[in-house]
Amino acid sequence: MGKKLLLEHINVPGIQSLEVYRKMGGYASVEKAIKTMSPDEIVEEVKKSGLRGRGGAGFPTGMKWSFLAKPVGVPRYLVCNADESEPGTFKDRYLMEKIPHALIEGMITSSFALGANTSYIYIRGEYFYVSRILERAIEEAYAAGWLGKNILGSGYDLDLYVQVGGGAYICGEETALLESLEGKRGNPRIKPPFPAVKGLYDCPTVVNNVETIAAVVPIVNHGGDEYAKIGIGKSTGTKLISAGGNINKPGVYEIELGVSVEEFIFSDEYCGGIPDGRKLKACVPGGSSVPILPADLLLKTSTGENRLMSYESLSEGGFATGSMLGSGGFIVYDERACIVRSTWNYSRFYHHESCGQCSPCREGTSWMEKILHRLEYGHGRSEDIDLLWDIQRKIEGNTICPLGDAAAWPVAAAIRHFRHEFEYHAKYPDKVKDTKHTPPPMPARVAVG
Amino acid sequence: MSNQTVKFSEEAIAECHKIIKRYPAGKHKSSLLPILHIAQAENEGWLSSATMDKVAEIIGITPVEVYEVASFYSMYNLKPVGKCVLEVCRTVPCWLNGAEELVSYLEKKLNIKVGETTKDGMFTIKTVECLGSCGTAPMLQCGANYHENLTNEKTDALLEKLKAENSRKSYTDII
């Protein structure tokens, strides 16, 4: 098994079509699964693979699958989360656009494993053109007998549909997604019950990210043990990283988990370093919700180890000195970036995207945006920094869904690591009124943690 | 309620009924989001209350179920918009690569502010949150199309092209 599992054939001309995809070995996992494996055996292989949810939370996929309730006579559903809206993340769009059958194949194999006869791909509305690509691929799969009644003569039936959303970040949260798929506002549900017991239409449902479902294909083809040999420790397999911000080569890279962050940013194989010889200032390594890290803590952990692109290494040190792998939305900042302006931008985003159900999130995100705006535009006060800290602390953990945490963490991390920039804004309003002001230099690190 | 004419071509109605069939019996409300996109594309890019009432009738749900959903999601316009809505992504990865400059350039070039429509009804500028195009920033969406890695020159060319085409751009366009 090479280290490219999902994007190996991405540059093969015509790979969007079923014909070429088949020539490259496509749909072998469906054949193997349906003809030679029982659903439980597939779940077992996924468990052995150590695959973790690629949408951001990193929850073990096999375990999530094994929680699915199986009451007799009640339909079960597999819903693919293609709502990809975490700022900095564009890997699922790339995968679906370039190699749509990889997702369709994964959906068929996974639906068979879960005993679902109807499955949906919920895609964000802005990706309408991608939904057309998926629909064409699904039509081809139906025509070739990979979908529909009695697939491969096995007696197994599956219908697969694409559902477009209406533009709402919150619908990436799995219960909000289910509400939206039912034709309602995307208000997250109180858990429990979890979707595995009561999901779509109150039936047992598994919701998995696009990349997670695509990863089931190589797992079934090569076996869970082989998959688990790739990567490092509990971060098995490969991960798609969407790299953007101030780098020479933005794009989607499939990495074997365990590559060092330094290599990922500076090597020509990946990001190719920072443009025009500027210095690396900071990075949000896993989508906008995860804590920002200054360059020194990004490249080395607080104990001086090389920081690696893995679930464990990126979170080493907890939030005091670490961050998270998250969705793999890797946002790089060069030395010119103003962290206060960046944090204001994130807070505006979370305020805009809060569904409004829970008061701490609905009110708190609005207050944080307002306070960050006044700091950034030279009307701030020094007490604002502690006020921000207080608000974010009161949002975290006090909401129905993780959007509250996602709104709180970027503010907390920015103050934790770049407090001097917030102080500078409060102290020198005239200097920061120019939105292109040069940020103050990073002070020497006194104590960590 | 409203006196506006609501347009739904026969093809559009047929498409709506096809969508409704995707869901189990009694779960027809699931078709609401996709059908709102069709309704918007059929009705000058926005949803009047009359249009939403028609959507409720097609699906067989109450009008308020349509209003509460249409007002929740950012892609549904509840006010008239220009033929080409220029939706500029403003979130951090785009900001790091010149999204603010792109917005200012468009404002200056079209002589309108964000949220406004040009007098000829051609362009509306809207700022939106992350469109999943962070590796090709700065960018804007117009209808179904993503226009990426924009420079002033590319933006000029895009505006010229859109003006010459002089047609309404919808998310549901096939590209």
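Student: Why is Glu100(B) called partly exposed?

Tutor: Glu100(B) has 17 C-beta neighbours inside 10 Å. A residue is buried if 20 or more other C-beta atoms lie within 10 Å of its own, exposed if 12 or fewer, and partly exposed in between, with C-beta atoms placed from the backbone. Its count therefore makes Glu100(B) partly exposed. Keep in mind that this is a predicted model, where local features need pLDDT of at least 70, side-chain atom pairs count only at pLDDT 80 or more, and totals for chains, interfaces and linings use all residues. Residues are numbered from 1 along each chain as its sequence is written, while chains are lettered from A and ligands numbered from 1 in the order in which they are written.

Student: Which helix holds Glu100(B)?

Tutor: Helix α6 of chain B, residues 99-110. Helices (H or I, at least four residues) and strands (E, at least two) are DSSP runs, numbered from the N terminus. Chain B has seven helices and four strands, in the order α-α-α-α-β-α-α-β-β-β-α.

Student: What makes chain B as compact as a globular protein of its length?

Tutor: The globule rule is 2.2 Å times the number of residues to the power 0.38, and the radius of gyration is taken over C-alpha atoms. For 175 residues the rule gives 16 Å, and chain B comes to 17 Å, which is close, so chain B is as compact as a globular protein of that length.

Student: How many domains are assigned in chain B, and where do they lie?

Tutor: Domain 1 covers 10-70 and domain 2 covers 84-165, with bounds from an automatic or database domain assignment. Their centres, over C-alpha atoms, are 29 Å apart.
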